[in-house]
Amino acid sequence: MVQLKKRLAFRRRPVYAPPVAVSADMQDPDVYVVTSEAIRIPAHSKILASASPILEEIIERTKKDLGKIPEIPILGVPYGAVCEFLLFLNSSKCSDEQIKMYGVHLLALSHVYSVEQLKMRCARGLAERLTVENVVDMIQLARLCHSPHLYLKCMKIIIKDFKTVEETEGWKFLQEHDPHLELEILQFIDEEEQRKQRAKKERESQKLYMNLSEAMDCLVHICTEGCTSVGPYNMDTNREKGPCSKFSTCHGIQLLLKHFATCEKKVKGGCLRCVRMWQLFRLHSSICEQGDECKVPLCRKFKVTEEYRRKRNDSRWRLLARKVVSAKAISSLSSFKRTRVEESMTQRS
């Protein structure tokens, strides 16, 4: 028993490590950092205090014990991780190799001691090394260390390949020991799916408004300038114009106009094509700013009717008109940007 006690006492005896390399102008180390292996690493209190407010507070408390050099215990992580942590506090540098070896420990240390620069560096480094096998462990670490960057990266991988993540040991362990995080992940997946559906509907709606805006442009173009064989009443019929740049849309409007001019059923008779053309005329009048000079048929008549409808608070139609105008503005802006980019590329070449 006595021999066993001697051996244990010998193992607990502190081992002195060489000090962390610093500038030659610095004074001798005035504090020790003690690791889990009972290794004492000499360090400079001013450097530690300037890099971490938590270490500064610990140093101030330990300095009250006069007569001996203060000791700061950094426990729970390997000796190598503590050395790399102290090196970063002295140099503000952390290599990819260090992240690869001690990234998890350095993230925990940077969180505990409020070293934000190292925390961001570790979060980015660990995010680059995420796999399906370690993503569950990493998201738990990100949650404990309050690292939103790493947390979101983990969530993206889980959402992308959730069926494979479900088969890992990490997910099974999570289900048994951390049901709150499991529920949080499942809720995030559900919200992400809803967000994608909303974005899809928004894209479809925007595409519809863009098509309506293009149809309005074609309607004005046909009624003002004419396109192929369809145009205003004073257009020279012997001089047929070629197709315009939006002929795929313009041709459909032309067919509707020809049908509208010759159909006997019209709107009251229940002709769907005439109803569609009537709606296009009404939509045009809602966004038209030319007044009496507009050459689109029925524009003036619909404006008078819209004044009456506005008094009755017909909000849905006005909302549609605003959406079409907005889509037209977005289309004009995007085409302007494309032109600028093409011009800049031409100048570079």
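A residue counts as buried under 20% relative accessible area, as exposed over 50%, and as partly exposed in between. In this predicted model, Glu71 has a relative accessible area of 37% and is therefore partly exposed. Its side chain meets that of Arg40 in a salt bridge, with 2.5 Å from N to O. The pair links distant parts of the chain, since Arg40 belongs to strand β3 (residues 39-43) and Glu71 to strand β4 (residues 71-73), 31 residues apart. Arg40, at 10%, is buried.

The structure holds 6 salt bridges. Another of them joins the side chains of Arg61 and Glu57 (3.4 Å, N to O). These two residues lie 4 residues apart in helix α3 (residues 53-62), so about one helical turn separates them. Asp96 forms a salt bridge with Arg121, their closest N and O atoms being 2.5 Å apart. Because Asp96 lies in helix α5 and Arg121 in helix α6, the pair ties together parts that are 25 residues apart in sequence. Salt bridges with shared partners also join Arg143, Asp178 and Glu184 into one network.

Helix α7 (residues 135-144) is largely enclosed by the rest of the structure, because 7 of its 10 residues are buried. The buried residues, among them Val135, Met138 and Leu141, pack against helices including α5, α6 and α8. After α7 comes His146, with a positive phi near 55°.

In helix α8, the buried residues are Leu150, Tyr151, Cys154, Met155 and Ile158. Seen down the axis of α8, they fall within an arc of 135° and so line one face of the helix. Lys156 and Lys160, on the other side of α8, are exposed.

Key. Residues numbered from 1 in each chain as written. Predicted model: local features only at pLDDT ≥ 70, side-chain atom pairs only at ≥ 80, totals over all residues. Heavy atoms only, no water. Buried < 20%, exposed > 50% of the residue type's maximum accessible area, 1.4 Å probe, protein only. Contact = heavy atoms within 4.5 Å. Arc of directions from axis to C-beta. Salt bridge = Lys/Arg side-chain N within 4 Å of Asp/Glu carboxyl O.
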